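Q: Can we go through the contacts between the chains in this one? I'd like to keep it simple.

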Amino acid sequence: MTVQASNLESEQLPDPSGAPEGDVSKLAGKSPTRLALGRFRRDKLSMVAFVVVALYILAALSAPFLVKFGVLDPTSFNQELTDPSTGGLPIGKLGGISWEHPLGVEPQTGRDVLSRVWYGLTFSLAIALTATILAIVFGAVLGIIAGFSGGWVDATIGRAIDLTLSFPSTLMLLALSSIGIQLMADILPGTFSDPLPNGAYVVFVLALFGWPGVARIIRGQVLSVREREFVDAAVLLGASRRRIYFKEILPNLWAPILVVFTLTMPAYISAEAALSYLNVGIKPPTPTLGNVLRSSINYSSADFIFFFTPAFLIMIIVVSFNLLGDGLRDALDPKTHR
Amino acid sequence: MYAYVVRRLFVGVIMLIAMSLVTFVLFFASPIDPARYACGKNCSPELREQTRNALGYDKPVIVQWTDFLKGIVQGRDYPDDPELRAAAPELVTHCPAPCFGYSVVNTKTVNEEIKEAFPVSLSISVAAVVLWLFFGVLLGVMAAIRRGTIVDRGIVAAALVLYAFPSFFIGLFLLKFIAIKWELVDVPVYTTIAEGGIGGWLSSLLLPAVTLAMLYMAGYVRMTRAFVLESMTEDYVRTARAKGLRQNKVLVKHTMRAALTPLVTLIGLDFAGLMGGAIITETVFNYNGLGKLAYDANTTNDLPTIIGLVLLLGTFVILANIIVDMLYAVIDPRVRVG
Amino acid sequence: MFKYRKRVLAASAAIALAAGLAACGGDDGGESSDNPTGDAAATGEAGGTLNYLIYAPIEHVDPQRIYVGRDITNFSRTVYRQLVTFPISTDPEVSNTPVPDLATDTGTSEQGGKVWSFTVKDGVKWEDGQPITCEDFKYGASRVFATDVITGGPNYLLSYLDIPTDEKTGLPAYNGPYKGDGQELFDKAITCDGNTITYNFKKPWPDFPLAVAGLHMMDPYRQDKDQGDKSNFQIFSNGPYKLEGTWSKNKGATLVRNENYDPATDDPDNIRRALPESIVFNIGQTTETIYDQLIADSGDAQTAVTGQRVPPAYYNQIEGAVADRSSLQASPYVDYLVPNFRNMTDPKVREALKVATNAEAWINAGGGEKAYAPAESIVNPAVVGYQDNPAFSGPQEGDPEAAKALLEEAGVQTPFPITFTYPSSETADKQAAALKETWDAAGFDVTLDGLGDTYYDVIQKPNKESDVIWGGWGADWPSAITVTPPLFDSRINLTQNSDGQDYGAYKSDEFNSLVDQAQEAGTLEDQTAALQEADIVLGQDVAYIPLEIAQFYFLYGSKVTGFTTTPASSMYPDLGAIGVES
């Protein structure tokens, strides 16, 4: 579902004091960034995770082009490859695996499973990425403002965070889906059932219920950064608020933000799948990992390959992103131990 | 301290009122006509109009909302039409304060619905919390003690993999294979203590609780592990070990106590979230808890039930936050509330 | 199955006309009870507990509010007896001929079907031992008029019963027994003389006994048991079973023997064999879980039947010994498409759409031959007076080339953009994509518009963007008068704010006058002839395109005996006949 408390808040975030400060680091020979990179490279598991994530991203980026050039074909029917007398199961072993269809074909329609999961990956990652970026941007901006300003600004943002977190997010997401998607269809191009409004609704709601968590974490980090000398100096020099927020404080937060990012991504990839199960999100024939999984979920006995493939792919990317996040955190924060 | 609690509760009530208004306005804008659903097949426009009036949906949203708030304070009588109540007193359903509304779809007051569903959700949630807390902390400590070994890696990876499979996939997998195909356990049907005794009750909770626990356990494993590792470098732990205390004793006496504060926070928040977040698990296993109630209310456009649930679950979250803050003060003497 | 739960409800029907006629002619009403069932409806064994597995909660258990085909028969066989009812028989002729139940005969009509009378049998009792009286029937019918309380049920009585219409609301001047306005009008329209109840209608209702048997709206109701909406899940029985404890919407209930039921007043062999000692309605498990258990044949599933269709993902597991426990029959429902006449004004374009429609691909995407059978009319073959519609005979795999030529002839710019609106589900999404293939090939540019729970709200809006709309329908009683007129008569459907059930906004004076002819007809033959002609008009105008007839493919437990599906039970398992090994 949406990000659970345990997902984000259990993460021991890197102490911003361990984060680099550009000017000083030049004198110190190896910069903390390079030190962190070095630590990260030595961590084999994290490197494997990094490679897997990179492959997924590459796949996601390439899919639209492959579809355009006809290498992947996620929507064409091949009903001649299915057998109507068995309820449309693929003809042949292991879900109709062949050279043309390396992961077999979908029951009843004969659509190519590899094309569907590959292209579906693009949509799943796009949703997760957009939602993550939105949640982080809003969360970070409000977190910085709240943490730095204090007083009534902090209190107001704090209440807004509390109010948002008090709403049962899954229930709201379901209950508001018809009006929400209608709204999206009104502002965005596309009809009620087109991918864009449906995807946008999921992105919007994930971000809506995701930013408070980010804001809380960032606020906490800002509280400790705020007391540091360079911030005092900037204030004394009469720097504008905006400058302080984004030029002085933000650069010191990139490490926790990066970690939050790598840990929010997988949560949202899972969320997309879970929402598809509840029939919210991008609808077929446009594939996403979630809706392909939803259509395969009942084939555990009839077509195991079809049943297992989408769930397995989701599992791999979620695990990899999490390991990557862990690795980054460890690398960025020399105090933790492996 | 009391003043603090009173203040927090006051803010909580204000927040709930705000939530109820937001929910009302949002649902009122929904394109779905609840009267059409109630009116059924062969419903002429005249009939639908009459149904809408009978359900009170013809009134302005602000009137509906104040009626709702009045019902919470004073209780309410249904049907809404005073003429009908006067003409046929045998039709009247009294909904005592705090009245959350009347579900036309289920022919029941929302209070009754919640009263039936709440024990189910509470049972599943408690069982799940116990499972994931026990295994999460145990495995987390084991991983920390053997850090860097294959045991450590194995535990962390296994927990992560279980978390990374979508929860409906895990739930359906357990149901189809463990319960039905391999018949290792009975097909889970919720059994109350009155019906099946403590044993029957517990065994009926097993699969849903395991499904939920898998989702949350990974976070607890990793948090416990990180905390134990970190605390091993703390001065007081080093001192204790230097004193010659055995590792186990150090772990239990010093490390775990320090880990208690963040654990309590997490459990409090996760638990409150779980009451509304078990929609998928309860739907997969068909347990008529709050999550299933919410899911069904959504598919039948049962607005009163949805609004009642939003407020109830919001109350849980707000209360959990207050309780967690209170517990801080008790567990950690450094924290003072007020 | 979303599709058959919400909208498509009802009873089913006779292939041959003659059977229906005999029952409804009037004078010869008593005869049909003497007919032997004369068919192979198997006989089960007495005793034991039968489980009836249901996925979605039943919305109404109140007789005047029940409107789902499966539930109508389940309750008539167990707890709610009717004046007349449909007997247990696999022969449609027999099964669609009403036989006397609580009434002494199948009713007598006067004034060309405008007045109907029935006499209530002596010795029939409620579950508390009190006799069922004529007044109970009258009270039951009065509840139909309380449209602000008793919602969701069939409301034919509102337009038929001889009560003037209130100008202000557009509804009858009588508003039910609770508020009681216009009670005197109702008392005139339905009268009791001793045990004889007489109904006075505004217009002829030649198939009234079919309506009585096919629905529960005319059932008796005891006034002292009535609590309005609170009675929605209460059962006050007069049949062989009664409710044990309460009905739980999410879990179901158990029915046990009703000791105040006297089989001597019934026709047990033909209507209610009432074999199991108790019947458990088990509600809530998903169709997949139900079939996992039925296939494994474990525990309670051994004595279980279900009205859920086998999901295609399970077809390959139904083989060998498991297949011996399966049943495959055509359902009384038809799925169809309607073109939106506001947008697709050119008859050639509609013709092109029809020609390009690949119903076979739709069927295969939905699971193939065990899931659906081809349809050649919107009227189900089980309805009295069915005939193939010539507009839809022939191969159904779609001919994009011919359609392309038609579009060219029409002189429209191609690709011609159309939006196809349908209720989204995992299966329907695939089926819709299957139709898109040939439509696109023919020169249409198809946008798939799969909707969730807003479906019926959207397609009833006059300003909808949809060009092609999915629909599903089954007759309320075995007559086409409950099929084509409610779906295509523009006068009762189209208003400023809603298209009613005429989703395609079809408007034809020719069709409407044939409907009038059917409704004024005093005999079933005339009515049927007019309706057959009306269907041909619909076909010529491409007012609809039939897709398929859902197949009822069921599995039941190994200890179930006498498993039967009958036209009387809308081809769902007939609880009147089924027993279990104890």
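Predicted model: local features only at pLDDT ≥ 70, side-chain atom pairs only at ≥ 80, totals over all residues.

**Chain B and its two neighbours**

Q: How many salt bridges does the rule find across the interface of chain B and chain C?
A: There are two salt bridges across that interface, a salt bridge being a side-chain nitrogen of Lys or Arg within 4 Å of a carboxyl oxygen of Asp or Glu. K176(B) forms one with D292(C), with the closest N and O atoms 3.3 Å apart.

Q: How many residues does the contact take from chain B and chain C?
A: It takes 42 residues from chain B and 49 residues from chain C, where contact means heavy atoms within 4.5 Å.

Q: And how much area do chain B and chain C bury?
A: About 3,900 Å² between them, 49% of it on carbon and sulfur atoms. Buried area is the accessible area (1.4 Å probe) that two parts lose on being put together, summed over both.

Q: Now chain A. What do chain B and chain A bury?
A: Chain B and chain A bury about 4,700 Å², with 73% on carbon and sulfur atoms. That contact takes 54 residues from chain B and 51 residues from chain A.

Q: Which side chains meet in a salt bridge there?
A: D326(A) and R222(B), at 2.6 Å from N to O.

How values were computed. Residues numbered from 1 in each chain as written. Chains lettered and ligands numbered in written order. Heavy atoms only, no water.
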